[in-house]
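Here's a quick briefing for anyone meeting this model for the first time. Take a look at the sequence and the structure, then read on.

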Amino acid sequence: MSSPAPQLFEAEAYVRSPALSEVVPGPVASRAPGQEPAFGAEPILELLHISLSFKGVRALSDVGFAVRAGEICGLIGPNGAGKSSLLNVMSGVYRPQQGSIHFGGRAHARVDAAWAARHGMARTFQNIALFRGMTVLDNVLTGKTLSTRATFLEQALTLPRARRDAVRQREEAEQVLGLLGIAQHRDSVVGKLPYGLQKRVELGRALAARPTLLLLDEPFAGMSAQEKQAMAELVLEVNTSLGTSVVLIEHDIGIVLDLADHVVVLDYGRKIADDTPERVRQDPAVIDAYLGVDHGATGASAGAS
Amino acid sequence: MSRWVVLVLLAFGFGVVPFVADDYLFSAILIPFLTLSLAGLGLNILTGYAGQLSLGSAAFMAAGAFAAYNFQLRVPGLPLLASFILGGLTASLIGVVFGLPSLRIKGFYLIVSTLAAQFFVGWALTKFSWFSNDNPSGVISAPPLTILGQDLSAPSGRYVLTLGVVAVLTLLASNLLSSQTGRQFMAVRDMDTAARVTGIPILRTKLLAFAISSFYCGVAGVLWAFCYLGTVEPHGLDLARSFQVLFIIIIGGLSSVVGSFLGAAFIVLLPVLLDHAAQGLFSGSLDPGNLENAQKVLFGSLILFFLIKEPEGLARLASVVGQRLVSLRSLRRRPSPRESAA
Amino acid sequence: MTADLSMLTLENAHVVYSGIISALRGVSLSVLPGQVVALLGSNGAGKSTTLKAASGLLAAERGALVEGRISFRGQDYAALDARRLAQGGLVQVLEGRRCFPHLTVEENLISGSLARRAPKATVRADLERIYVRFARLRERRGSQAGYLSGGEQQMLAIGRALMLRPTLLLLDEPSIGLAPQVVQEIFEIVAQLNRDEGLSILLAEQNARVALRYAHHAYVLENGRVAASGSAVELAAREDVQNFYLGQTAAAQGQLRARKERARRLRAHGTAAPSSLSVSDAHGRAPARLPEPGEARGH
Amino acid sequence: MQFFLEVLIGGLLAGIMYSMVAIGFVLIFKASGVFNFAQGSLVLFAALTYVSLVEREVPAWLALLVTLLAMLALGVLIERVVLRPLVNRPPMTLFMATLGLSFIVEGVSQILWGAQVHGLELGISDQPLEFAQVFVSSFDLFAAATAAALVAGLSVLVTRTRLGIALRAVADDPVAAMSLGISLPRVWSIVWAISGVVALVAGLLWGARVGVQFSLSLVVLKALPVLIIGGFTSVAGTIVAGLLVGASEKLAEVYLGPVLQGGIEGWFPYVLALAFLLVRPTGLFGDAVVERA
């Protein structure tokens, strides 16, 4: 490789360094801010009237929205709003009581997780679902399961097709490790890595499957401000360079409102907003949901008088 | 274990041992060690790598042994190795059947279906005399061991046959377990929800693990009957044997090919050492009954020790010792203070 | 504030979960006798962790205080664990209430008194006292806790903790999953307990507006650190409290948005070079690199 | 028909033995989530200790007391040495630990008391009694009565006493119990001690019937299907399941046996348990504990 790896991030004081795509010379068209970049007309994923309850407790009630192809869709809401449950419904981990999920050209009452994976859906989990007994490289390689052509017998006898699989998958996995900056941890067992790194490995595993739709469940949780910035750059890179649509759940609303093209806000399992980040930030219903409504306020007296 | 260590061991195993070791070493130590290592490897594939606990290894060994015997008996001119493979495949079939419940029940509770296999196969082989060719005593001698005209029935011949079969199957297993199939097994073991979402077919992967594991136990059973005992009988392949194979992978190291061998070596050598120790120390005052109980207590305590102190078994201990040796050697060659501080 | 004066003091507390997740990065706070202190901040800010550090329950979730000091009524924590703390009067009501579903209401309350090994008569007297304060619990005393409403379970969880006659009560997100007027009722009870019995209370709460109306003092946590603190009156007056929730304070605000717009435009014009992510057949450009963990944190 | 009744009753009484051993399992599983494969060896240890003391001219009541204390001490010892270092490890590891434990207990009890078969005389007459031409042994009735008394005693302990509240609280939510200052290790050791006592009762009754010998510990293999069918967390489910397994096993042996060359008692309960698992994985009364794939 002739040019040294363009540094996506400096180490010490964070200096905004050129994103890969910026390195490319080319006409920079000026565009009035706020003008909608053209997303795919047909939504890559659509949820209609989704209701879900566990042992009588209603987690989601009549939630519906669409994710356009190529966009970053933020999913936010205070604690216990049902964000993770919704992601589990999208990815086939939960079966909703009512409603349908439109993905991969078909409507599903329940998404079959393996089917969804074969049609380009990949995801990460809120409390890291890595394969703890395996190394970083093996975890990312497992993301490549669907691209394996050789049968188990060919792998045992290391026949040509199995060898070709191994070489190709290893090369692609190394690229993902390189991008995530975890290349030199490739042989360490995942369970022993620091939290921020485990989050990246899980994202690496999802990216290894080269998804068209990436579902991220709190990818920034437990990270320092600098690590959050680095991860945000990466999500942006994946979306802009590959056109991968992203559904992003996150508590750090600052980053979500900044990254997302479209934001859905849940509160107690109900959709209370579905709009652009700017409008969601000013929406009184959203602010109340977060800051809490205080019915009993009798004038300005505060503190236990 | 690096490539060249394995090659040296194989060269030694095939080149030197057959001419040096005496009959006792072959039949009492080397052949049982290799056979139990293969059974341990089989169980490790299912329990260590795929995370499905099984207490039925001995049943699959018995199924393999009887199937091979019957194929050899009823198919004239069948090459010996073909009966090995057919024995393995029969055990594999039975393994899949008893693996089906893993669709509905997970990991630990699966011991019910593998225990069912253990009792059912044991019962069927004793009750239906067709399996043992209507032999009244139910104990049948193994067929002659000749491959390509070579008579391998002498202890050294049986050892070479066993070593050959075990070496080939171990190579295949380590290739498989380091490839995508191995990763799928471990994914299903570690987090099956995440495995499903990555596109791994959960049931198919579990059944494949059952099939391969039972194949290995089946072939181990054939070796056990043909090369070790010389007789085909379900008696020695009961629940106690399944426990023993489970102990081999706990002590040796779960999800480790090397661990299966270390565990088997430990399980085979310990009683032998205990006997000598007993003869030496108590000059034979310990009656055999108590010796067996002492062994039981020792095994039980070792299981607890390994589970609590070193959950990854001897394999982990060996690799730690190995690394220390390597670092010691490199230190001695260039003892510059800077490097030793790194 | 010298340690012996306060009920509870945390000094520069650093907490890490199972050796890897750093949840608290140097939290210092204190609760004076008879004071109601609120811990505010959005989810994941470290509120719950702070309470569990104080009540000694971190060990149950593989958490550990790796740095800093905690003391309860001047007694350092080295010698205290959850059991001795509870017996000594520091009791926590866990998030989500966590009543014992298969036990009846009365059995739940009695389970609160077990650690004190008090004679039957005292337990009976304490039970009566709780039933006076929570009339609804007396009505439902025979039914299993699993069938109670959210508000009733919250009262039961508080009542159960009161059976240990605590001097400092820790409440983790009492308002979660409760309808607004029920939240009101719960906070009224908390305020009465503080007024009538001088019970000091440290409560973690996302619902900032309600909490600030009932607390004397408050701390706002963000990312495992104390971002702001002061009397409830001061904090309620500041309107930037909202920012702690809606994340206006993140330093690199707006840069991401600008970068995204530009990247989108480049892609729209089809001039973006094959990025490192799409597998280039030949030796594509070396992939961009995220910093190593050591580098990224830069300390 | 009358023969059928006798077989049925014989099966039911054997089922009582299975449920008593299984109750020991359920108690430990409910309180600490540990599947105690060593319960069978505890039954053997208890019976062997008692009968060996009696054979050494120790008066019966003293032998019973000593054995009782030994079982209580064993329970506390097991919790301290085996369980505490393995707290919140995966169920498979805990199961293997109890497997190792069962080897230790079996080995020690046979080293201590020898491996011969001991006849155990509890001083209970064992002649056949006749109810409407159906013959039932008086011993079996006594065993059924003891089992009923044991279960009644346990349910009073669990529902009426403070200890019972602590046990059920720990079973429902261990962390919440910790927040109230309840000591989990103490509760676990009490539970192990109680199931030691249950093992003693089962050991004496079972030993008196078939003789005190190594095979007593194999009864654990019978208790496993009982647990699967009854559901791991319900004492009532365990008793009904024990009777079901005992009865169906004997009936199958008598009616199905000849067709299948006999000896099907070994695997029949397991096939029954598998059928239950596939149809109703939580068992008769248990709540969803058996993880579904």
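What follows is a short tour, topic by topic.

This is a predicted model, in which local features need pLDDT of at least 70, side-chain atom pairs count only at pLDDT 80 or more, and totals for chains, interfaces and linings use all residues. Residues are numbered from 1 along each chain as its sequence is written, while chains are lettered from A and ligands numbered from 1 in the order in which they are written.

**Chains A and C in outline**

- Chain A has 11 helices and 10 strands, where helices (H or I, at least four residues) and strands (E, at least two) are DSSP runs numbered from the N terminus.
- Of the 305 residues in chain A, 51% are buried; a residue is buried if 20 or more other C-beta atoms lie within 10 Å of its own, exposed if 12 or fewer, and partly exposed in between, with C-beta atoms placed from the backbone.
- Take the contacts in chain A with a separation of 6 or more: 65% of them are between residues 24 or more positions apart. Two residues are in contact if their C-beta atoms, placed from the backbone, lie within 7 Å.
- Chain C comes with 12 helices and 10 strands, and 49% of its 299 residues are buried.
- For chain C, 70% of the contacts between residues at least 6 apart in sequence join residues at least 24 apart.

**How confident is the prediction in chain A?**

- The mean pLDDT of chain A is 79, and 81% of the residues score at least 70; pLDDT is the predictor's confidence in each residue, from 0 to 100.
- Confidence in chain A is lowest in helix α1 (residues 20-23), with a mean of 30, and highest in helix α4 (residues 136-142), at 95.
- Residues 1-36 of chain A stay under 50 in pLDDT, and the model has 65 contacts for them beyond four places in sequence.
- Residues 298-305 of chain A are also below 50, with 15 contacts in the model beyond near neighbours in sequence.
- Where pLDDT is low, the predicted coordinates should not be read in detail.

**Strand pairs in chain A**

- Strands β1 (residues 43-54) and β2 (residues 57-68) of chain A run antiparallel and are joined by eight bridges; two strands pair if DSSP finds at least two bridges between them. In this pairing, A:Ser53 sits opposite A:Arg58 of β2(A).
- β1(A) also pairs with strand β4 (residues 98-103) of chain A, in the antiparallel sense over five bridges. Here A:Ser51 is opposite A:Gln98 of β4(A).

**The sheet in chain C**

- Six strands of chain C make an open, mixed sheet in the order β6-β7-β8-β3-β9-β10.
- β6 (90-93) and β10 (225-231) of chain C are at the edges with a single partner strand each, so one side of each has no neighbour in the sheet.
- On average, neighbouring strands of this sheet are turned by 15° against each other, direction ignored.
- Within the sheet, β3 (residues 36-40) and β8 (residues 200-204) of chain C run parallel, joined by four bridges, and C:Val37 stands opposite C:Leu202 in β8(C).
- Helix α1 (residues 47-55) of chain C lies across β3, β6, β7 (168-172), β8 and β9 (217-222) of chain C, at about 145° to β8(C). Axes are lines fitted to C-alpha atoms, for helices over the stretch in contact, and angles run from 0 to 180 degrees between N-to-C directions.

**Inside chain D**

- Helices α5 (residues 138-160) and α6 (residues 162-172) of chain D pack at about 80°, their axes 5 Å apart.
- α5(D) and α6(D) are therefore roughly perpendicular (angles under 35 degrees count as roughly parallel, over 145 as roughly antiparallel, 65 to 115 as roughly perpendicular and the rest as oblique).
- D:Ser195, found in helix α8 (residues 184-210) of chain D, is buried, with 27 other C-beta atoms within 10 Å.
- Leaving aside neighbours within four places in sequence, D:Ser195 is in contact with D:Gly24, D:Leu27, D:Ile28 and D:Gln39.

**Where chains B and D meet**

- In chain B, 35 residues are in contact with 38 residues of chain D.
- α12(B) gives the most to the side of chain B that touches chain D, with 13 residues.
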